[in-house]
Amino acid sequence: MNNLLEKAKSMSKVVVDSGAKTMLKTDIVFLEREVKTRKQKFGVEIYDLMAQLEVDDGMSVEEKEGKIRLAFDQARKDIAVIQAKIDCKKEEMTTMQVAEAFASGTSGGSSAGAAGVEVPADHQPAAATIVTD
């Protein structure tokens, strides 16, 4: 009876972990789409800005370059924030995969971890704190 309960718990954990990984993958896809959308928006902004600056003869070249640089810096900042979220999600997935590998590979005194590293059977991965916006 106890063995059956252990197997049921193990199976439910696999289902939950699988769902969490799928959710992370979906989040990453949406964030990558957000990066692409922001890059496209940047292209439209720059095109409109350059068309406007081409007509406006009252501005110096430095002022025109400054406006373009400002638009680029803002886009780069926006993309960096999204990329940080993507990196965080990928790190969370890696942490889950490593935890699964340790959990499934523990039998006996020690087990082989990543790249053949011997991991003691009583090893517990460190808790990770994930900060998201």
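What relative accessibility does Asp73 have, and how does Asp73 count on that basis?

Tutor: Asp73 counts as partly exposed because its relative accessibility is 30%. On this scale, buried means under 20% relative accessible area, exposed means over 50%, and partly exposed lies in between, with a 1.4 Å probe and protein chains only. The model is predicted, so local features need pLDDT of at least 70 and side-chain atom pairs count only at pLDDT 80 or more, while totals for chains, interfaces and linings use all residues. Residues are numbered from 1 along each chain as its sequence is written, and side-chain values use heavy atoms, with hydrogens and water left out.

Consider next the partners of Asp73. Its side chain meets that of Arg69 in a salt bridge of 3.4 Å, N to O; the term requires a side-chain nitrogen of Lys or Arg within 4 Å of a carboxyl oxygen of Asp or Glu. Asp73 and Arg69 both belong to helix α2 and stand 4 residues apart, about one turn of the helix. Helices (H or I, at least four residues) and strands (E, at least two) are DSSP runs numbered from the N terminus. Arg76 also forms a salt bridge with Asp73, the closest N and O atoms being 2.9 Å apart. Because Arg76 and Asp73 are 3 residues apart in helix α2, about one helical turn separates them. Arg69 is partly exposed, with a relative accessible area of 44%, and Arg76, at 46% relative accessibility, counts as partly exposed. Side chains of opposite charge can pair when their charged atoms come close.

Another pairing reaches across the chain. Asp78 and Arg38 meet through their side chains in a salt bridge (2.9 Å, N to O). Arg38 counts as buried because its relative accessibility is 10%, whereas Asp78 counts as partly exposed at 25%. Glu45 joins the two, and Arg38, Glu45 and Asp78 are linked in a network of salt bridges. The structure holds 6 salt bridges.

Helix α2 spans residues 61–105 and includes Lys64. Lys64 is buried yet has no salt bridge, and the nearest side chain of opposite charge, Asp57, is 4.8 Å away. Lys and Arg count as positive and Asp and Glu as negative, while His and the chain ends are not counted. Leaving aside residues up to four places away in sequence, Lys64 touches Leu53, Asp56 and Met59; contact means heavy atoms within 4.5 Å.

Helix α1 also holds Ala20, which is partly exposed, with a relative accessible area of 27%. The C-alpha atoms of Ala20 and Met93 are separated by 8.6 Å, although the two residues are 73 residues apart along the chain.

The view may now be widened to the protein chain. The chain has 2 helices and 2 strands, and along the sequence these follow the pattern α-α-β-β. Of its 133 residues, 19% are buried. Among contacts with a separation of 6 or more, 58% come from residues 24 or more positions apart.
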